[in-house]
Amino acid sequence: MQLYLPRAASPDDPVARPDSELTVRGNGERVLLIEDEAAVREMTLKTLRLLGYQATGARDAAEARTIMGSGEAIDLALSDVVLPGGVSGIQLADELKKRRPDLPVVLMSGYPAEAFVGNESAAGGFILLRKPVRRAELAKALSSALR
């Protein structure tokens, strides 16, 4: 019997490096995550913290408004597009940008990007990530939005 295994990659090979070595890390910026699914919210908060961000979670637009109105310093909003309570993530993003024009907003959705074609808000400067979002993709989007 012969067993053939793939050759081990060298440490210099970027494909062989763990995901955490390929990601851009935050510098303690405060991220407000708006996500209604508790399990997704908790996992994403953990991921944000592992990436070097301070993260606060909100389950809907009302809770996000409360946090934003509390005076807590928020550097970026990361919101699901589909939220409960009759306000979408896109509507909330528009509202947040009116209150704080300098606030970067990143949107996430489990729906295909094509579903947002023709929506001026989605095309108007918000980064749209498709769920499930990989850690490296999230890190890159947040870094890009914070520049």
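Modeller: We shall discuss a pair of helices and then the salt bridges. This is a predicted model, in which local features need pLDDT of at least 70 and side-chain atom pairs count only at pLDDT 80 or more, while totals for chains, interfaces and linings use all residues. Residues are numbered from 1 along each chain as its sequence is written, and side-chain values use heavy atoms, with hydrogens and water left out.

Biologist: How is the packing of two helices described?

Modeller: Two packed helices are described by the angle between their axes and the distance between the axes. Axes are lines fitted to C-alpha atoms, for helices over the stretch in contact, and angles run from 0 to 180 degrees between N-to-C directions. Helices (H or I, at least four residues) and strands (E, at least two) are DSSP runs, numbered from the N terminus. Here, the axes of α3 (residues 61-69) and α4 (residues 89-99) cross at roughly 15° and come within 11 Å.

Biologist: What is the orientation of α3 and α4 to each other?

Modeller: They are roughly parallel; angles under 35 degrees count as such, over 145 as roughly antiparallel, 65 to 115 as roughly perpendicular and the rest as oblique.

Biologist: Which residues make the contact?

Modeller: Contact means heavy atoms within 4.5 Å. On α3 the residues are A61, A64, R65, M68 and G69, and on α4 they are L92, E95, L96 and R99.

Biologist: How many salt bridges does the structure hold?

Modeller: A salt bridge is a side-chain nitrogen of Lys or Arg within 4 Å of a carboxyl oxygen of Asp or Glu. The structure holds six. In one of them, E95 pairs with R65, and the closest N and O atoms are 2.6 Å apart. E95 lies in α4 and R65 in α3, so this pair ties together parts that are 30 residues apart in sequence.

Biologist: Which residue forms a salt bridge with D80?

Modeller: The partner is K131, with the closest N and O atoms 3.1 Å apart. D80 belongs to strand β3 (residues 76-80) and K131 to the loop between β5 (127-130) and α6 (135-146), so parts 51 residues apart in sequence are tied together.

Biologist: Is D80 buried or exposed?

Modeller: Buried means under 20% relative accessible area, exposed over 50%, and partly exposed in between (1.4 Å probe, protein chains only). D80 is buried at 7%, whereas K131 is partly exposed at 25%.
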